[in-house]
Each structure stands twice: as structure tokens, then as C-alpha cells.
Amino acid sequence: MKNRSKKIMALLLTGVMSAGLLAGCGGNSASNESQESAQEAAPAQEAGDAGAVEDEQAAEAAQTESADSGAASGEGIKIAFVPQLIGIPYFTAMEEGGNQAAADLGVEFLYTGATQASAAEQVKIMDSLIKQGVNALSLSVLDSSSTNPYIEKAQEAGIVVYTSDSDAPDSTRDFYVAQALDEDLGRTLMDHLAAQIDEEGQIGIVSGESTATNLNTWISFMEEQQKEKYPNIEIVDIRYTQGGSSEQALKQAQELMTRYPDLKGLVAVASSTIPGVAQAVQQEGKAGEVKVIGYGSPATVKPFIDSGVMEESILWDAKELGYLTVWAGAMAAQGKEFEEVNEIAGISNPVKWDAENKILLLGEPLVITKDNVDSFDF
């Protein structure tokens with residue numbers, strides 16, 4: 001019985017092998033059809049594989065592009081900026097730049113401030129933003145002694161905290177987004193005023209709050225430049241205004257011209273003080289006789305440049321500073337590092353990173369004159 005079974009199995013195997021040989025010789029068997037179907041499917045599979053590779057390469061390219069642009073895909077990230085005050089062209093321009101960056105990067109931008117420059121109000125706003133749980137909090141510092149504790153409080157809550165427009169170098173802030181170097185701003189203004197008054201004569205300064213870190217720093221570099229380069233120029237007095245009030249600036253400028261009848265120049269340090277100082281000179285009929293210069297936006301200084309009261313203003317592109325402020329916050333909130341030189345869409349020139357001092361620098365001071373004042377919309 002066993003021998004018979006073995007014979008049957010041998011016959012069956014022989015049959016199968018013969019069928020396989022016939023199929024291998026090109027017969028129209030099911031196996032041949034399967035091979036042909038597989039061969040036909042191969043190009044489709046290869047095309048599918050190529051498509052997958054192309055998709056992968058496209059994804060990698062998108063990731064590279066995202067890395068190149070910096071803080072892309074910031075969905076869900078909240079970035080706040082607290083200006084010194086709202087309602088003036090300068091900070092409005094920063095807000096517009098910030099909104100554009102937020103739209104480009106897909107983040108939420110919270111711009112909130114008081115109508116008067118007040119450190120106490122800044123502190124209240126910062127505390128509210130901490131409670132809201134923003135990811136990054138930036139501010140233009142008015143009085144670092146007031147805001148420094150809240151910078152620490154926000155950091156303890158896991159928030160990235162940095163300064164923009166006005167720094168608090170004595171704080172624990174993560175970094176500073178600078179419009180230009182403070183030294184360059186102070187020295188540049190003094191150079192341009194000195195040229196207007198032939199490097200001699202008395203000048204007065206009208207500033208904003210006496211505690212404003214950025215304004216005081218610029219004034220200190222003006223004084224240094226005057227002592228080093230212009231011995232025939234005398235800074236007779238520095239006056240301050242509450243909250244950068246234009247009305248108080250007008251009064252302070254009038255008092256300076258009365259007390260110093262030979263005054264040849266007035267510096268309006270805060271942008272909000274420029275209208276008051278310029279109007280005081282106009283009202284005294286001393287346009288051209290008493291030179292007025294300051295840190296004012298094109299929209300602020302244009303009427304006074306057009307009327308001849310001012311020749312120049314020193315500033316920077318406030319919209320680009322607002323854009324950079326939000327871009328930097330988005331980068332930091334995502335744990336991304338700044339490059340030594342950053343090419344950023346939305347900003348005209350490369351942005352430099354000073355890692356030692358933790359300063360992200362927008363660029364050089366901008367000199368606004370009658371030739372370019374109409375080139376800006378802020």
C-alpha cells in the first residue's frame with residue numbers, strides 16, 4: 001500500500017514539473033499571465049515609488065524653506081507687545097508691522113498699552129498678559145525698576161520675555177530687539193544738530209519721562225558726543241515731561257527760549273514731544289533761527305519739515321521694528337536660535353544677532369529729510 005502511494009506521488013510530481021517547463025517555454029498558462037500582469041504593474045509601482053520620493057523631496061524642501069524663513073508655522077503661539085503708549089504714529093507703525101508678521105507666521109499678536117506713558121500701567125498690562133498665558137511677552141521699557149520684577153514673574157511662568165524699542169539691560173530679559181544701537185542714535189543726532197548750528201551755540205533738550213531708559217541713554221550719548229567733538233556747543237538744560245506730553249513739551253520749550261534768548265537749537269527726544277517743541281518755535285517766530293531736531297516718525301515731522309521749522313529727524317523704520325519684534329518672539333517661543341546674520345522676509349536688510357549682549361539689531365539710524373519724508377507711510 002505504501003509502495004503504491006509512493007508511485008502515485010511520483011507521477012503527480014512529474015506532471016507538475018512538466019507543466020512548469022511548458023509554462024517556462026512561453027505557453028499561455030495562468031502563470032505566464034501572472035508574470036505579464038506583474039510586469040505590467042511594475043512600471044505603475046515604479047511610478048508610485050517615484051511619486052512617493054517626489055512627495056518626500058517636496059516635504060523636505062518645504063521644511064528647508066520653513067527653516068530659511070525662520071519662525072514659520074507658529075499656530076497657537078501668542079506674542080504680546082506692550083508699547084510705552086498707544087495712539088501716536090510711531091507705535092501705530094510698530095503695531096502694523098507686528099500684525100503683518102503675525103499674519104505671515106501664523107501666530108496671534110496682542111498689542112496693548114496705555115494712552116499715556118506710564119510705568120505703572122505697563123506693570124498692570126504685563127500682569128494681565130502673564131495671567132493670559134502668552135508664549136512670548138515683549139515691551140518698550142519706560143522704567144526698568146518698575147517692570148524688572150514682572151519680567152522675572154513672567155519668566156517664572158515659562159514665558160519668553162524680551163524688550164523692544166527700549167531696553168532694560170539691568171533686567172533678566174531674554175534678549176533685546178534694537179532699532180539701532182543707542183550709541184549710534186545719540187551720536188548721530190548730535191552730529192546732525194551740530195552741522196545745522198555751525199558747531200557752536202547753546203542748545204536745550206526736551207525729553208519724555210525722566211525714568212525712560214531709552215531716552216536717557218540717547219541723551220547720555222548726545223552729551224558724550226558734544227564733549228568729545230563740539231566744545232563750542234553748550235547743553236544748557238534738560239527738561240522732562242510727564243508721559244511725553246506734547247502740551248508740556250511746548251511749555252518747556254517756551255521756557256527754555258525765554259531763559260536762554262540766544263538758544264540756537266532744541267532737541268525733542270521723545271517722538272510725542274516733537275509737535276509741542278516745534279509749535280513753540282513757530283509761535284515765537286523763530287523758525288530757522290532755533291533749529292529743532294528729534295526722534296520723530298515721518299508722519300509726525302512732515303508738517304514741520306514742510307514749514308521749515310525742522311530740517312531733519314533721526315529714527316528707523318518703525319514698521320520693520322514691529323515686524324522684527326513679532327518674528328523674534330515666534331522664533332524664541334518655538335525654541336529656535338537666531339543666526340549671526342538673519343535674512344527675514346518682510347525686512348529690507350539683514351538683521352544681526354549680538355549673542356554676547358543678546359541684542360537683535362534692525363540696522364543703522366534713519367535720517368529723515370525733506371527729500372525722503374514722503375517715502376514713508378508711518
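Predicted model: local features only at pLDDT ≥ 70, side-chain atom pairs only at ≥ 80, totals over all residues.
Me: Which residues lie nearest its centre?
Reply: Look at Q84, F91, L215, A270 and S271, which lie nearest the centre among the 23 lining residues.

Me: Which helices each supply at least two residues of that lining?
Reply: Helices α3 (89-105) and α7 (213-229) each do. The largest share comes from α7, with three residues.

Me: Let's switch to the sheet. What is the strand order?
Reply: Going across, the order is β2-β1-β3-β4-β5-β13-β12-β11. Those eight strands form an open sheet with mixed pairing. At the edges sit β2 (108-111) and β11, each pairing on one side only.

Me: Where does the parallel pairing show up, say for β1?
Reply: Strand β1 (residues 78-82) runs parallel to β2, and four bridges join them.

Me: Is β4 covered on one face or on both faces?
Reply: Both faces are covered. V160, Y162 and S164 are buried on one side, and V161 and T163 are buried on the other. That makes five of the five residues in β4 (residues 160-164) buried.

Me: What about β12, which residues are on its covered face and which on the uncovered one?
Reply: In β12 (residues 351-354), V351 and W353 make up the covered face, while K352 and D354 are on the uncovered one.

Me: Which residues are the bridge partners of K352?
Reply: K352 has V341 as a partner, and L361 in β13 is a bridge partner too. V341 belongs to the β11 side, where β11 (residues 341-342) and β12 pair antiparallel over two bridges. On the other pairing, β12 and β13 (residues 359-361) are antiparallel as well, with three bridges.

Me: How many residues are between β12 and β13?
Reply: Four, and the two strands form a hairpin. In the turn, K358 has a positive phi of about 55°.

Me: Changing topic: which residues of α10 are buried?
Reply: In α10 (residues 298-306), the buried ones are P298, T300, V301, F304 and I305. They cover an arc of only 145° around the axis, so they are on the same side of the helix.

Me: What covers them?
Reply: The cover includes α3, α9 (274-283), β10 (313-315) and β14 (366-368).

Me: What happens just after α10?
Reply: G308 is there, with a positive phi of about 90°.

Me: Last one, S246. Which helix does it lie in, and what does it touch?
Reply: S246 lies in α8 (residues 246-259). Leaving aside residues up to four places away in sequence, S246 touches S272, P275 and G276.

Me: And how far apart are S246 and V277?
Reply: They are 31 residues apart in sequence and 7.6 Å apart in space, C-alpha to C-alpha.

Notes
Residues numbered from 1 in each chain as written. Heavy atoms only, no water. 1 Å grid on protein atoms, 1.4 Å probe; cavity = no way out; pocket = protein on both sides within 12 Å on 5 of 7 lines; lining within 4 Å. Contact = heavy atoms within 4.5 Å. Buried < 20%, exposed > 50% of the residue type's maximum accessible area, 1.4 Å probe, protein only. Arc of directions from axis to C-beta. Pairing = 2+ DSSP bridges.
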